[in-house]
Amino acid sequence: MVEPAETPAAEADSPESQVREAPHPLPLAAGAAMAVAAGVALLLSFPTYGLWWLAPVGVALLAASVHRRRFRAGLGLGALAGLALFLPLLSWTNLHTGLAPWLLLSGLQAGFVALLGGATAYVSPLVDRFRWAWPPATALLWVAQEAIRDRGPYGGFPWGRLAFSQEDSPLVRLAAVGGAPLVTFGVALAGGLLVTAAWRPWNLWPARLARGRLVLSAAGLAVGAVAVTAAGLLVPTAPREGEPVTVAIVQGNVPRMGLDFNAQRRAVLENHVTATIALAGRVAAGQEPQPDLVVWPENASDVDPLRDATASSRIYAAAAAIRAPILVGGILRGPAPGEVRNVGLLWRADTGPDVAQTYVKRHPVPFAEYMPLRDVARLVSKEVDRVADMVAGQRPGVIQTGPVAVGDVICFEVAYDGIVRDTVTNGAGILAVQTNNATFNVAEARQQMAMVRLRAVEHGRESLMASTVGVSGFVTADGETHETTGFNTQEVVVREMRISGYRTLATRAGVWPEMFLVGLGLVLLAGAVVVRRRG
C-alpha cells in the first residue's frame, strides 16, 4: 500500500483519493455549533439585516455539520439550524398573540429544515464517491425542502425561503427565468461550492506540490461560488415600457398597533378617507399629479361598506374628492351568517362599489384567518375565538379598473408562487399587494417587501405594496424600490407606473422549473440508496 505522503500530486484531488479519506464527520460539538451558526447566518441574510451574501455561508455550514452523519443525527442538527433561523425570523408572530403560536409555527418550520439535514446526511456516501456532485446535491435538496414546506400543512408557509433573502443580490434576477425556486437553487449551489471548497483532505497530503494543488482546487471552488452569484447579472430584467398610469398609495395608519386595531376600525377607515381627501387637495393645488388609481391597504375598511351606510358614505366622499377609482382593502360579511371575506373592492368615483371587480383572498392564513381544529387550538391560546372562519375566494385577483388591469394579491399571498402568477397570466398589467402589518413589526413588513421585489422581477411587472402602517412603496420590474414609506406613520406616495404585457420565462414556465429540480432531487436520493447498498 502506498503511504499518503508518497501519493503523486496528480492523485491528491482525484475521486479515488476522496474515497480513501477516512469517512468521519466533524466532532459532534463542532457540528452542533456549526448548525446553530448556519441558522444565524441564514437569519442575517433576511431583512431587516439584509446581509444576503451570508445565505450561501449558512447553507455551507449546515451541509458541513451533517456530512457523514447518520440520518437521525442529521435530523437533530437540521432542527438546531431551523430553530436558530425561524425563532428570531418569526418573532413578530408573538407580539400580540403570546408565545405558544410563535413557538409552534417556528418549531414546525424548523422540522422541515430537520428533514433537509437528515437528507443531506443520507447522501453523504454519494457525494464522497462523486465529490463534483456535492454542490448540485446541496442545491437540489434545498429546493425540494422548500417545495414541500411551501405546500403543507394547510397550504404551507413559504416564509424564510432562501430566495426571499436575495432582494439586493444579483441572484434575484434568476427569478425571471425560473421563479423563486431557481433563486433558491442558485443560493444553495453557491453554498454547496463553498462547503466542497472547505471540506478538503488537508491532513492526508503533506507533500508541498499536492497541498498546493488542493489550495488551487479549493480556491477555484470558492471563485465558482462567487461566479454563480455574479451570473445573475447576466439575466436581463423586463424592459420599462408600456402605457403609463399614475397610482397613489394611501397608508392611513392606525390609532394603536396590536390585535385591537379591529376595535378601532372606524378610526382606521377615517384615517384613509382623510388622507385621500388631503391628497385631492394637493392635486387640486398642482402639488401632486392626478392619480388614475388609488390603492388602500388590506383592512382599510373593516366595516363592511356594502352593509354600513356610514362607511359607504365616507368612501364615496374620498373617491369623489380624488376623482379616481379606489381599490379598497376591506372585510365583507356573508353571504351566509357568520362568514367573512377579505377582499380588494373597486370603488369608482362616480358609481361607487363595483362588485363585479372584487377580489376575494384565496389563501386565508390558517390559525389567523380561519381556525383548523378550533377545539384543540383553544387549549393552546385563548385568542382562538377572535378568529372568524374566513371564506376563501375562487378566482385570480385581476381587477379591471379602467385605466389598468391590476393583479391584486392580499398580504401573505405574495409568498405563494402560483397565486401571484395567476394574476399575470390572466392579464394583470401591474401587481398590487394589499397588506396589514398593524399586528406585526417593521421586520415583517420589510420581509414582505422583499417578496414583492422578487415577484416584480419574476413576472416583469411593476408592483406596489400598500400597508396600513408601512412599509408601503413602489417596485420597478428590475426589483428596485421607490417612494417607500416609514413604519407606523401616515403617508401618501404617488408614482407613474408602466403597464406591461411582457411574459418572462418564469411566467411562461410556471411550476415546471421547480418540478424539474425536485425530480432531480429524487434521482439524487435514489442514487444515494444505491451507493449505500453497495457499501
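Let me start inside the protein. By class, the lining of the largest cavity has seven nonpolar, two polar and two charged residues. Nonpolar here covers Ala, Val, Leu, Ile, Met, Phe, Trp, Tyr, Cys and Pro; charged covers Asp, Glu, Lys and Arg; the others, Gly among them, are polar.

A word on the source. This is a predicted model, where local features need pLDDT of at least 70 and side-chain atom pairs count only at pLDDT 80 or more, while totals for chains, interfaces and linings use all residues. Residues are numbered from 1 along each chain as its sequence is written, and side-chain values use heavy atoms, with hydrogens and water left out.

Back to the cavity. A cavity is a set of points, on a 1 Å grid over the protein atoms alone, where a 1.4 Å probe fits but cannot get out; lining residues have an atom within 4 Å of a point. Grid points are joined across faces, edges and corners, and a volume is the space filled by probe spheres set on the points. The count is four cavities of 30 Å³ or more. The largest holds about 50 Å³.

Which residues line the largest cavity? They are Leu42, Phe46, Leu85, Phe86, Val113, Trp142, Gln145, Glu146, Arg149, Gly160 and Leu162. Helices α4 (71-89) and α7 (134-149) each supply at least two residues of that lining. The most comes from α7, with four residues.

Now the whole chain. It has 16 helices and twelve strands. Both are DSSP runs, numbered from the N terminus: helices are H or I with at least four residues, strands are E with at least two. Of the 535 residues, 56% count as buried. Buried means under 20% relative accessible area, exposed over 50%, and partly exposed in between, with a 1.4 Å probe and protein chains only. Take the contacts with a separation of 6 or more: residues 24 or more positions apart account for 72% of them. A contact means heavy atoms within 4.5 Å.

On to the sheets. Two strands pair if DSSP finds at least two bridges between them. Angles run from 0 to 180 degrees between N-to-C directions, and axes are lines fitted to C-alpha atoms, for helices over the stretch in contact.

Look at β1 (244-251) and β2. They pair in the parallel sense over three bridges. Isoleucine 249 has valine 295 in β2 as its bridge partner.

Then β4 (340-348) and β5. Six bridges join them, and they run antiparallel. They form a hairpin with three residues between them. Valine 343 is the bridge partner of valine 360 in β5.

The other open sheet also has mixed pairing, with six strands in the order β6-β7-β8-β9-β10-β11. Its edge strands are β6 (398-400) and β11 (481-482), each pairing on one side only. Strands β10 (473-475) and β11 are antiparallel over two bridges. Valine 475 stands opposite threonine 481 in β11.

Two helices pack on this sheet. Helix α13 (417-425) touches β6, β7 (405-410) and β8 (430-435), and its direction makes about 170° with that of β7. Helix α14 (442-459) touches β8, β9 (463-467), β10 and β11, and its direction makes about 160° with that of β9.

Last, some backbone details to check on screen. Where are the cis peptide bonds? One joins proline 47 and threonine 48, with omega about 15°. Threonine 48 is in the loop between α2 (28-45) and α3 (54-66). Another runs from glycine 470 to valine 471, with omega near 5°. Valine 471 sits in the loop between β9 and β10.

Next, positive phi. Asparagine 299 has a phi of about 65°, although it is not a glycine. It lies in the loop between β2 (293-295) and α11 (309-322). Buried or exposed, asparagine 299? Buried, with a relative accessible area of 10%. Glutamate 483 has a positive phi of about 50°, and it is not a glycine either. Its place is the loop between β11 and β12 (491-498). Glutamate 483 is partly exposed, at 36% relative accessible area.

How values were computed. On a 1 Å grid over the protein atoms alone, a cavity is a set of points where a 1.4 Å probe fits but cannot get out, and a pocket is an open set with protein on both sides within 12 Å along at least five of seven lines; lining residues have an atom within 4 Å of a point.
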